[in-house]
Structures are given as C-alpha cells and as structure tokens.
Amino acid sequence: MQLSWAYDGVNGSVPRNTGPECADYLSPSRKLIETMVIIPVCLIAIKCSVSRLKPITYRQMDRLTGSALSGNRSLSSSNHNLHYLHYQRNLADQEPRDLLMPHHRERSFSSASIASGMVEDIHCQRCLQPGVTSGRGISFPGDVSVPSWGKQFLLVTMTLTLGVELGFKFATRTVIYILNPCHITTIMQIYLLACNKSTKSSTVLFRLQMNYLNGPLLAFMFPETDSRQLPLESSIYWIQHALMCIIPIFLLKSGGVYNMEPLNDFTWNVIGYATLIAYHYGILQVVATPVQVNLNHMLCPALKDPFEGPNYRICAVFHEAILCTLLCKLVTFLFSPLPSSIVNHPPYVKNGKQADVSPAISAATLGSSTSLPQHLMSSSRPSSRSSSPAKSSSILQENNIIIKTSKID
C-alpha cells in the first residue's frame with residue numbers, strides 16, 4: 001500500500017521533525033529494551049488498578065430543572081398502566097439513576113411494610129424504556145437528557161475545529177499527525193459533548209481524558225507551529241488546544257455523569273496515564289519508526305527538552321506522570337461542583353454493595369395520600385407480631401418477593 005500521501009508533506013526543514021538523523025537518535029536495541037520493559041509494566045498497572053476500582057455512581061439530576069432529585073417526594077395519585085409495574089422490595093442493588101421518574105413514583109403498601117413502619121418505592125419498568133413521555137408532555141428516551149446551549153455550542157465549535165484541522169492535514173499531506181494524543185483527546189471530548197445519555201462509559205472516558213490535560217498545557221508552553229504554512233493553520237492550533245482546556249472544566253462543572261473520583265483516589269490516574277504511555281510505545285513508536293516522522297517526540301527529543309540525551313524518554317515517563325496527576329487533581333479541586341457528596345462520598349458500603357437510596361416514609365404519613373384500611377393505619381409502631389424474631393424473619397423475606405400485578409385495590 002502506498003501511504004506516502006499521509007506523510008510526504010512533513011516539513012523536513014524544521015529541526016528534529018523528520019529524517020534519518022532523528023530516527024537514528026536512539027539505537028534499535030535501546031528502543032526495543034525500553035518497549036519490552038515499559039509496556040508490560042503499564043499493562044500490570046492497569047490490571048491492578050482496575051481490580052481496585054470503586055463503583056461509578058452519580059446523582060440523578062432533574063431533566064427539567066437541572067437540580068438533584070429530592071429524596072422526599074409526594075405520592076402519585078395515578079397508577080400509570082399498572083400492568084407494567086414491577087413491585088420490588090429489595091432495592092439495595094439498584095443504582096440511583098434507576099429510580100422512578102417523579103411523576104411515575106408509586107409506593108408498596110403490603111401489611112409487612114406497614115407493620116415495619118417503612119414503605120418502599122416501586123419501580124416502573126415502562127418508565128425506563130425508550131420513548132417514555134413525562135407528565136409535562138416532553139419525551140425522554142430512557143436516561144437521555146436535554147443538552148444545554150453551552151454544551152451544544154462547544155460541540156459545534158470543537159467539531160468544526162477538528163474538521164478544519166483534518167482538512168489542513170489532507171491538504172498538506174500530513175495526515176499522520178492525526179495520531180498525536182491531542183487529536184485523540186479531541187475526539188474523546190467531542191464524543192462526551194455529543195453523548196446525552198447517562199452511561200458509565202461516559203464517566204470512564206471523562207475520567208480518562210482528565211489525565212491528558214498535559215497535552216494542551218505543553219502545547220501552549222512549547223508551541224510547534226513552524227511547520228504550519230497555510231493561512232489560519234496556526235490559528236486552528238491555538239483554538240483547538242484552548243478548547244481542550246475549556247471543555248473538561250465545563251463538563252466537570254455540569255456534574256452528573258461528568259464527575260471525578262475522590263482526591264485521595266489515584267486508581268483512575270494510574271489507568272489513564274498507563275494507557276497513554278502504552279499508546280506512545282505501542283502505536284506511535286511503531287508507526288513513526290518506518291516513516292521517520294517524529295510523532296510526539298518518540299524518535300528524538302525536542303530542541304528545548306531539558307532532559308535531552310539517551311534517557312530522555314525514561315525521564316519523560318516520570319515527569320509527565322507527576323504533571324498529569326497534578327493537573328487532574330488541581331482541576332478537580334478547583335472546578336468540581338459543590339456540594340459534591342456523590343464525588344467525595346460515593347454511596348457504597350463496606351461489602352462493596354451500594355446503599356439503599358430510595359426514600360422511605362412512615363406509615364403514619366400515609367393517611368393523607370392513600371386509602372388504606374383503618375386497621376393497617378391505626379398505629380405507626382410495629383405490631384406485636386413483628387416483635388418475635390421468627391415472625392420478623394418471615395416478614396423480611398416477604399419484602400424480597402417480586403409481585404407482578406395489574407390491579408391495586
């Protein structure tokens with residue numbers, strides 16, 4: 001295959017940009033040894049960190065007001081097609097985002113729940129299906145949220161910027177530079193802006209790209225615009241890297257799925273940085289060596305590199321690890337929305353299961369909203385039958401039964 005169209009336009013007059021002198025800066029044996037040591041270390045670090053990850057949780061936001069859903073909601077007067085209601089007593093394994101929408105919230109009124117003085121929420125499976133219409137006449141497919149104007153503006157701006165950048169690369173026959181980490185991070189940010197569905201993959205990508213803020217910072221400190229000759233080509237360089245700093249801050253302040261782990265948790269930093277280093281040695285080095293193009297300085301150091309020498313790549317692995325971690329934690333500390341109880345104190349217990357986030361109300365407060373028999377609502381205290389351990393055990397077992405019905409008396 002002829003791939004000269006992808007790298008023939010690389011400017012050889014720029015020092016240490018391309019050519020055999022840059023490609024031979026390190027011996028092949030040195031490159032091989034570094035690769036055989038660093039890539040396995042990165043894979044081991046990723047595996048160990050993934051095994052220690054804590055559950056990804058976030059606070060469900062109201063789709064209309066943008067505020068967090070309150071735990072104490074009034075009872076709904078309508079049953080909303082009871083044929084689709086699944087009554088589930090045990091909600092310990094459910095995530096916060098799996099709760100009912102406010103206008104479809106129901107309660108369970110079994111004798112066991114009344115005797116125990118607690119009433120649990122009911123999950124409506126129909127509400128979680130695509131194409132559900134809310135009580136105000138707005139359709140929300142599943143967990144899809146309405147994007148704000150700021151998010152749409154950043155999405156359009158970043159997409160146009162990347163499109164113009166790709167046009168310049170094809171026009172100058174330097175498409176190979178698309179593999180640089182800044183362009184990969186740009187694609188990740190465009191996906192985060194375009195994805196309006198609350199998924200764990202969005203949180204994973206967001207936390208990973210937060211560890212790549214060293215790219216735009218170094219681009220501003222050591223700009224490399226000498227090889228950009230077309231009009232506005234240098235301007236696109238500055239616009240792209242400026243947006244790469246703005247978008248993570250905007251998403252972090254938006255909250256929801258765009259949240260970070262606690263400041264004392266470094267598992268995501270290890271995963272993100274180890275992935276970045278493995279990408280450099282496993283992909284950039286493999287592509288740059290045969291075509292002799294210095295992709296992100298994997299073949300030879302920059303002219304202003306203070307660690308210039310045969311060990312410059314090893315030094316870069318250590319000082320960039322410190323820089324990536326510091327930038328990630330600093331941005332998280334400065335721009336994380338407050339209060340951030342879900343970010344700093346995720347709702348999971350010691351055994352690894354999430355705590356029950358469903359609100360519970362006492363039986364004494366049901367009189368104003370329900371029409372239960374008087375003998376069930378005469379007292380909010382547990383009955384004498386529930387005082388026996390054997391009876392209490394049988395009542396608790398009843399709460400774990402899922403009942404499907406189409407009618408409530």
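Helices (H or I, at least four residues) and strands (E, at least two) are DSSP runs, numbered from the N terminus. The views below show a predicted model, in which local features need pLDDT of at least 70, side-chain atom pairs count only at pLDDT 80 or more, and totals for chains, interfaces and linings use all residues. Residues are numbered from 1 along each chain as its sequence is written, and side-chain values use heavy atoms, with hydrogens and water left out.

**View 1. The protein chain as a whole.** The chain has 13 helices and 6 strands. It holds 409 residues, of which 41% count as buried. Buried means under 20% relative accessible area, exposed over 50%, and partly exposed in between (1.4 Å probe, protein chains only). Contact means heavy atoms within 4.5 Å. Take the contacts with a separation of 6 or more: residues 24 or more positions apart account for 77% of them.

**View 2. Arg-173, in the loop between α4 (149–172) and α5.** Phi of Arg-173 is near 55 degrees, a positive value in a residue other than glycine. Most residues other than glycine have a negative phi. Arg-173 has 42% relative accessibility, so it counts as partly exposed.

**View 3. Arg-16, in the segment before α1 (20–23).** Here too phi is positive in a residue other than glycine: the value for Arg-16 is near 55 degrees. Arg-16 counts as partly exposed because its relative accessibility is 27%.

**View 4. Helix α5 crossing helix α8.** Two packed helices are described by the angle between their axes and the distance between the axes. Helix α5 spans residues 181–194 and helix α8 spans residues 233–254. Their axes come within 10 Å and cross at roughly 40 degrees. Axes are lines fitted to C-alpha atoms, for helices over the stretch in contact, and angles run from 0 to 180 degrees between N-to-C directions. The two helices are therefore oblique to each other. Angles under 35 degrees count as roughly parallel, over 145 as roughly antiparallel, 65 to 115 as roughly perpendicular and the rest as oblique. The crossing of α5 and α8 is left-handed, meaning that the near helix is turned anticlockwise from the far one by less than a right angle.

**View 5. The residues where α5 meets α8.** From α5 come Cys-182, His-183, Thr-185, Thr-186, Gln-189, Leu-192 and Leu-193. From α8 come Gln-240, His-241, Leu-243, Met-244, Ile-247, Pro-248 and Leu-251.

**View 6. Leu-252, a buried residue of helix α8.** Leu-252 has 1% relative accessibility, so it counts as buried. Leu-252 and Phe-335 are 83 residues apart in sequence, yet their C-alpha atoms are 6.7 Å apart. Neighbours within four places in sequence aside, Leu-252 is in contact with several residues, including Phe-206, Met-210, Tyr-258, Val-331 and Phe-335.

**View 7. The buried residues of helix α6.** Helix α6 covers residues 200–209. Its buried residues are Ser-202, Thr-203, Phe-206, Arg-207, Leu-208 and Gln-209. They pack against α5, α8 and α9.

**View 8. Gln-285, in helix α9 (residues 267–291).** Gln-285 counts as buried because its relative accessibility is 7%. A polar atom of its side chain lies 3.3 Å from the backbone oxygen of Tyr-281. Not counting residues up to four places away in sequence, Gln-285 touches Lys-31, Thr-35, His-280, Met-298 and Arg-313.

Conventions: A polar contact is a pair of N or O atoms within 3.5 Å; within protein, one must be able to donate a hydrogen and the other to accept it, and residues adjacent in sequence count only if both atoms are side-chain atoms.
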